[in-house]
Amino acid sequence: MPLKHNITKQDVLITRIRKLSLKTRTSKISLKGDIAERNFEDLRLFTTAVIIASFSSGLSWKTHNALMENPSRLNSSEIKEEYESSLMTKWKNVSVEDVSEIIGKGISDAAFSTWMYFNVDKRHHGVYKEAWEGFQKEFLDSCDDMEIARESR
């Protein structure tokens, strides 16, 4: 009898991020140098993971609160520090719950742009904007379950 597993889009995204994390375990990944040598999909996936880590309440509490309550606080040293930490290591720790939280919060494009303007190097704004738009578009569909059946052995 086959075993059935429901895999959501969030699960697929987290799996892709984990694989990228494993690929980069021995080499440090960043937007500042070696990422330019990687393919565009890795760059977009990495950027999406950094955004998730930066906006998640579990990984970046001050940024999350500023986004939800008062976007004018996004121009602070604490928010910049959380972003730098997300960029360096926290992106590897994003979870399905983090993705679901960000989807459910309905972060506005204006709040995202404000965060990006104050914290992200201007040279990288294009890739961040594209990653954010792709993330939103991917999770707009309400039918996100893909059913995978696997025969038990």
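This is a predicted model: local features need pLDDT of at least 70, side-chain atom pairs count only at pLDDT 80 or more; totals for chains, interfaces and linings use all residues.
**Exercise 1. Aromatic pairs and the cluster**

Task: give the count of aromatic pairs, classify the pair Phe112 and Trp132, and list which residues form one aromatic cluster.

Solution. 
1. The count of aromatic pairs comes to 12.
2. Among them, Phe112 and Trp132 have ring centres 4.8 Å apart and planes at 5°, so this pair is stacked.
3. Phe112 belongs to helix 6 (residues 109–119) and Trp132 to helix 7; the two are 20 residues apart, and the pair links distant parts of the chain.
4. Phe112 and Trp132 are both buried.
5. One aromatic cluster is formed by Phe55, Tyr83, Phe112, Trp115, Tyr128, Trp132, Phe135 and Phe139.

**Exercise 2. The buried side of helix 6**

Task: find which residues of helix 6 are buried, where they lie around the axis, and which helices they pack against.

Solution. 
1. In helix 6, Ala111, Phe112, Trp115, Met116 and Asn119 are buried.
2. These residues cover an arc of only 135° around the axis, which places them on the same side of helix 6.
3. The packing partners of the buried residues of helix 6 are helix 2, helix 3 (61–69), helix 4 (77–88) and helix 7.

**Exercise 3. Length and faces of helix 1**

Task: check the span of helix 1 (residues 9–23) against the value of 1.5 Å a residue, then say which residues of this helix are buried and which exposed residues sit on the face turned away from the buried side.

Solution. 
1. The buried residues of helix 1 are Lys9, Gln10, Leu13, Ile14, Ile17, Leu20 and Ser21.
2. They span an arc of only 130° around the axis, which puts them on the same side of helix 1.
3. Lys19 and Leu22 are exposed, on the face of helix 1 turned away from its buried side.

**Exercise 4. Salt bridges and a charge over a ring**

Task: state how many salt bridges the count gives. Then describe the pairs Lys23 and Asp42, Arg123 and Asp121, and Lys129 and Glu133. Finally, say which ring face Lys122 lies over.

Solution. 
1. The count gives 4 salt bridges.
2. One of them joins the side chains of Lys23 and Asp42, at 2.9 Å from N to O. Lys23 lies in helix 1 and Asp42 in helix 2 (residues 40–55), 19 residues apart, and the pair links distant parts of the chain.
3. Lys23, at 49% relative accessible area, is partly exposed, whereas Asp42, at 11% relative accessibility, is buried.
4. Arg123 and Asp121 form a salt bridge with their closest N and O atoms 2.8 Å apart. Arg123 counts as exposed at 65% relative accessibility, while Asp121 is partly exposed at 33%.
5. In the salt bridge of Lys129 with Glu133, the closest N and O atoms are 4.0 Å apart. Both residues are in helix 7 (residues 125–138), 4 residues apart, about one turn of the helix.
6. Lys129 is partly exposed with 45% relative accessible area, and Glu133 is partly exposed with 42% relative accessibility.
7. Lys122 lies over the face of Tyr117, 4.5 Å from the ring centre.

**Exercise 5. The chain as a whole**

Task: give the numbers of helices and strands, their pattern along the sequence, and the share of buried residues.

Solution. 
1. The chain has 7 helices and 2 strands.
2. Along the sequence, the pattern reads β-α-α-α-α-α-α-α-β.
3. Of the 153 residues in the chain, 42% are buried.
4. Among contacts in the chain with a separation of 6 or more, 76% come from residues 24 or more positions apart.

Note on methods:
Residues are numbered from 1 along each chain as its sequence is written. Side-chain values use heavy atoms; hydrogens and water are left out. The expected span of a helix is 1.5 Å times one less than its number of residues. Buried means under 20% relative accessible area, exposed over 50%, partly exposed in between (1.4 Å probe, protein chains only). The arc is that of the directions from the helix axis to the C-beta atoms. Rings of Phe, Tyr and Trp (its six-membered ring) pair if their centres lie within 6.5 Å; planes under 30 degrees apart count as stacked, over 60 as edge-to-face and the rest as tilted. A charge sits over a ring if NZ of Lys or CZ of Arg is within 6 Å of the ring centre and within 35 degrees of the ring normal. Contact means heavy atoms within 4.5 Å.
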